[in-house]
Amino acid sequence: EVIASSNASLGTIFSFTGDVKKAIECHERALKIALDNSFMETALRTYNNLAISLPPGEENERRLECFDKGFELARKVGHIGYISWFGAMLSWMYYNMGNMNKAVPLAEESVALSKKAGEMYNLELSLNVLGFTYQIMGEWDKSEQYYKEALNISQKIDNFEAIGLSYWCLGWLHFDKEEYVK
(Lines give C-alpha, C1' and ligand atoms only; values in the text may rest on other atoms or scores of the structure.)
Protein backbone atom coordinates (compact mmCIF):
# COMPACT_ATOMS: atom_id res chain seq x y z
CA GLU A 1 0.00 0.00 0.00
CA VAL A 2 2.91 2.32 0.73
CA ILE A 3 4.26 1.80 -2.80
CA ALA A 4 0.87 2.55 -4.36
CA SER A 5 0.33 5.62 -2.19
CA SER A 6 3.87 6.85 -2.80
CA ASN A 7 3.40 6.55 -6.56
CA ALA A 8 0.13 8.48 -6.29
CA SER A 9 1.86 11.24 -4.34
CA LEU A 10 4.78 11.30 -6.74
CA GLY A 11 2.34 11.56 -9.65
CA THR A 12 0.75 14.58 -8.02
CA ILE A 13 4.16 16.19 -7.55
CA PHE A 14 5.06 15.59 -11.20
CA SER A 15 1.71 17.04 -12.21
CA PHE A 16 2.35 20.19 -10.16
CA THR A 17 5.78 20.59 -11.72
CA GLY A 18 4.38 20.23 -15.24
CA ASP A 19 5.78 16.80 -16.10
CA VAL A 20 2.47 15.34 -17.27
CA LYS A 21 4.01 12.22 -18.79
CA LYS A 22 5.71 11.17 -15.53
CA ALA A 23 2.62 12.16 -13.54
CA ILE A 24 0.43 9.87 -15.62
CA GLU A 25 2.95 7.01 -15.41
CA CYS A 26 3.07 7.26 -11.61
CA HIS A 27 -0.70 7.50 -11.26
CA GLU A 28 -1.25 4.53 -13.57
CA ARG A 29 1.29 2.47 -11.60
CA ALA A 30 -0.35 3.49 -8.32
CA LEU A 31 -3.80 2.65 -9.62
CA LYS A 32 -2.76 -0.79 -10.85
CA ILE A 33 -1.11 -1.66 -7.52
CA ALA A 34 -4.05 -0.28 -5.53
CA LEU A 35 -6.72 -2.09 -7.55
CA ASP A 36 -4.76 -5.36 -7.71
CA ASN A 37 -4.43 -5.36 -3.92
CA SER A 38 -7.81 -3.86 -2.94
CA PHE A 39 -6.34 -0.64 -1.50
CA MET A 40 -9.56 1.23 -2.16
CA GLU A 41 -8.71 4.54 -0.47
CA THR A 42 -5.54 4.81 -2.55
CA ALA A 43 -7.37 3.77 -5.72
CA LEU A 44 -10.02 6.45 -5.16
CA ARG A 45 -7.43 9.16 -4.56
CA THR A 46 -5.51 8.03 -7.63
CA TYR A 47 -8.53 8.02 -9.94
CA ASN A 48 -9.07 11.65 -8.94
CA ASN A 49 -5.42 12.68 -9.25
CA LEU A 50 -4.98 10.91 -12.58
CA ALA A 51 -8.04 12.69 -13.98
CA ILE A 52 -6.73 16.04 -12.77
CA SER A 53 -3.26 15.32 -14.20
CA LEU A 54 -4.62 14.62 -17.68
CA PRO A 55 -4.52 17.69 -19.94
CA PRO A 56 -7.97 19.29 -20.27
CA GLY A 57 -9.20 19.47 -23.82
CA GLU A 58 -6.81 16.81 -25.09
CA GLU A 59 -7.85 14.09 -22.68
CA ASN A 60 -11.44 14.95 -21.76
CA GLU A 61 -12.78 11.47 -22.53
CA ARG A 62 -10.13 9.85 -20.38
CA ARG A 63 -10.68 12.39 -17.60
CA LEU A 64 -14.40 11.61 -17.70
CA GLU A 65 -13.61 7.89 -17.59
CA CYS A 66 -11.37 8.31 -14.51
CA PHE A 67 -13.96 10.37 -12.66
CA ASP A 68 -16.68 7.87 -13.62
CA LYS A 69 -14.64 4.84 -12.50
CA GLY A 70 -13.77 6.60 -9.25
CA PHE A 71 -17.44 7.45 -8.73
CA GLU A 72 -18.50 3.84 -9.30
CA LEU A 73 -15.76 2.49 -7.02
CA ALA A 74 -16.72 4.98 -4.31
CA ARG A 75 -20.33 3.80 -4.56
CA LYS A 76 -19.23 0.16 -4.45
CA VAL A 77 -17.18 0.62 -1.27
CA GLY A 78 -19.61 3.14 0.26
CA HIS A 79 -17.18 6.05 0.65
CA ILE A 80 -19.56 8.99 0.98
CA GLY A 81 -16.84 11.64 0.78
CA TYR A 82 -15.55 10.33 -2.53
CA ILE A 83 -19.05 9.71 -3.90
CA SER A 84 -19.76 13.36 -3.24
CA TRP A 85 -16.41 14.52 -4.66
CA PHE A 86 -16.60 12.45 -7.83
CA GLY A 87 -20.24 13.44 -8.27
CA ALA A 88 -19.22 17.11 -8.24
CA MET A 89 -16.35 16.45 -10.66
CA LEU A 90 -18.61 14.51 -13.02
CA SER A 91 -21.23 17.22 -12.76
CA TRP A 92 -18.63 19.81 -13.76
CA MET A 93 -17.52 17.65 -16.70
CA TYR A 94 -21.09 17.14 -17.90
CA TYR A 95 -21.80 20.84 -17.47
CA ASN A 96 -18.83 21.61 -19.72
CA MET A 97 -20.15 19.12 -22.26
CA GLY A 98 -23.52 20.88 -22.21
CA ASN A 99 -25.32 17.91 -20.67
CA MET A 100 -27.37 19.54 -17.91
CA ASN A 101 -29.59 16.44 -17.63
CA LYS A 102 -26.62 14.63 -16.10
CA ALA A 103 -24.91 17.62 -14.47
CA VAL A 104 -27.78 18.79 -12.26
CA PRO A 105 -28.72 15.45 -10.62
CA LEU A 106 -25.06 14.65 -9.90
CA ALA A 107 -24.50 18.06 -8.32
CA GLU A 108 -27.72 17.78 -6.28
CA GLU A 109 -26.72 14.32 -5.04
CA SER A 110 -23.27 15.61 -4.19
CA VAL A 111 -24.76 18.46 -2.15
CA ALA A 112 -27.12 16.09 -0.29
CA LEU A 113 -24.35 13.59 0.50
CA SER A 114 -21.92 16.29 1.60
CA LYS A 115 -24.52 17.74 3.96
CA LYS A 116 -25.33 14.30 5.34
CA ALA A 117 -21.67 13.43 5.91
CA GLY A 118 -20.62 16.89 7.09
CA GLU A 119 -18.07 17.12 4.24
CA MET A 120 -17.78 20.90 4.22
CA TYR A 121 -14.99 21.10 1.61
CA ASN A 122 -17.00 18.93 -0.78
CA LEU A 123 -20.17 20.84 0.05
CA GLU A 124 -18.81 24.25 -0.88
CA LEU A 125 -17.55 22.89 -4.21
CA SER A 126 -20.80 21.03 -4.92
CA LEU A 127 -22.87 24.12 -4.14
CA ASN A 128 -20.79 26.25 -6.50
CA VAL A 129 -21.06 23.64 -9.27
CA LEU A 130 -24.82 23.44 -8.75
CA GLY A 131 -25.10 27.22 -8.72
CA PHE A 132 -23.07 27.40 -11.91
CA THR A 133 -25.32 24.96 -13.73
CA TYR A 134 -28.45 26.82 -12.65
CA GLN A 135 -26.87 30.09 -13.73
CA ILE A 136 -26.24 28.75 -17.22
CA MET A 137 -29.79 27.40 -17.33
CA GLY A 138 -31.06 30.92 -16.52
CA GLU A 139 -32.39 30.05 -13.07
CA TRP A 140 -30.59 32.93 -11.43
CA ASP A 141 -32.44 32.92 -8.09
CA LYS A 142 -31.47 29.30 -7.45
CA SER A 143 -27.97 30.01 -8.66
CA GLU A 144 -27.52 32.93 -6.28
CA GLN A 145 -28.93 30.91 -3.38
CA TYR A 146 -26.37 28.14 -3.93
CA TYR A 147 -23.47 30.58 -4.41
CA LYS A 148 -24.32 32.42 -1.20
CA GLU A 149 -24.58 29.15 0.72
CA ALA A 150 -21.19 28.08 -0.66
CA LEU A 151 -19.67 31.44 0.29
CA ASN A 152 -21.08 31.20 3.81
CA ILE A 153 -19.61 27.73 4.32
CA SER A 154 -16.29 28.75 2.79
CA GLN A 155 -16.05 31.69 5.18
CA LYS A 156 -17.00 29.55 8.19
CA ILE A 157 -14.23 27.03 7.51
CA ASP A 158 -11.84 29.77 6.33
CA ASN A 159 -11.07 28.22 2.94
CA PHE A 160 -9.65 31.18 1.05
CA GLU A 161 -9.61 29.38 -2.33
CA ALA A 162 -13.28 28.50 -2.04
CA ILE A 163 -14.11 32.03 -0.86
CA GLY A 164 -12.46 33.33 -4.02
CA LEU A 165 -14.36 30.84 -6.17
CA SER A 166 -17.67 31.84 -4.57
CA TYR A 167 -17.02 35.53 -5.14
CA TRP A 168 -15.99 34.84 -8.73
CA CYS A 169 -19.20 32.86 -9.31
CA LEU A 170 -21.34 35.57 -7.71
CA GLY A 171 -19.54 38.21 -9.77
CA TRP A 172 -20.23 36.38 -12.97
CA LEU A 173 -23.88 35.92 -12.01
CA HIS A 174 -24.26 39.65 -11.32
CA PHE A 175 -22.56 40.38 -14.63
CA ASP A 176 -25.06 38.14 -16.43
CA LYS A 177 -27.88 39.91 -14.63
CA GLU A 178 -26.35 43.26 -15.65
CA GLU A 179 -26.00 44.21 -11.98
CA TYR A 180 -22.58 45.68 -12.61
CA VAL A 181 -22.27 47.54 -9.31
CA LYS A 182 -22.64 44.26 -7.40
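Start at Val2: is Val2 buried or exposed? Val2 is exposed, with a relative accessible area of 63%; here exposed means over 50%, buried under 20%, and partly exposed anything in between, using a 1.4 Å probe and protein chains only. Val2 sits in helix H1, where helices are DSSP runs of H or I with at least four residues, numbered from the N terminus. Now draw a distance from Val2 to Glu144: the two are 142 residues apart in sequence and 44 Å apart in space, C-alpha to C-alpha.

A quick word on the ground rules. This is a predicted model, so local features need pLDDT of at least 70 and side-chain atom pairs count only at pLDDT 80 or more, while totals for chains, interfaces and linings use all residues. Numbering runs from 1 along each chain as its sequence is written, and side-chain values use heavy atoms, with hydrogens and water left out.

Next, colour by pLDDT, the predictor's confidence in each residue on a scale from 0 to 100. The chain averages 94, and 100% of its residues reach 70 or more.

Select H2. Its 17 residues reach 24 Å from first C-alpha to last, close to the 24 Å expected at 1.5 Å a residue (the expected span is 1.5 Å times one less than the number of residues). Show side chains for Ala23, Ile24, Cys26, His27, Ala30, Leu31 and Ala34, the buried residues of H2. They cover an arc of only 165° around the axis, which puts them on the same side of H2; the arc is taken from the directions from the helix axis to the C-beta atoms. Lys21, Lys32 and Asp36 are exposed on the other side. The buried residues of H2 pack against helix H1 (2-17), helix H3 (40-53) and helix H4 (60-77). Step past the end of H2 to Ser38, whose phi is positive, near 60°.

Back to Cys26, which is buried at 4% relative accessible area. How far is its sulfur from the closest cysteine sulfur? The partner is in Cys66, 15 Å away, too far for a bond. The whole structure has 0 disulfides, a disulfide being a pair of cysteine sulfur atoms within 2.5 Å.

Jump to Thr42 in helix H3. Thr42 counts as buried at 6% relative accessibility. Beyond its neighbours within four places in sequence, Thr42 is in contact (heavy atoms within 4.5 Å) with Glu1, Ala4, Ser5 and Ala34.

On to H4, where Arg63, Leu64, Cys66, Phe67, Gly70, Phe71, Leu73 and Ala74 are buried. What covers them includes H2, H3, H5 and H6. Just after H4, Gly78 takes a positive phi of about 75°.

Of its 48 residues, Phe67, Phe86, Leu90, Leu127 and Leu130 touch the most other members. H5 gives the most to this core, with 9 residues. Finish on Phe86: leaving aside neighbours within four places in sequence, its contacts include Leu44, Tyr47, Cys66, Phe67 and Phe71.

Notes. Helix = DSSP H or I, 4+ residues; strand = E, 2+ residues; numbered from the N terminus. Core = buried A, V, L, I, M, F, W, Y, C linked by side-chain atoms within 4.5 Å.
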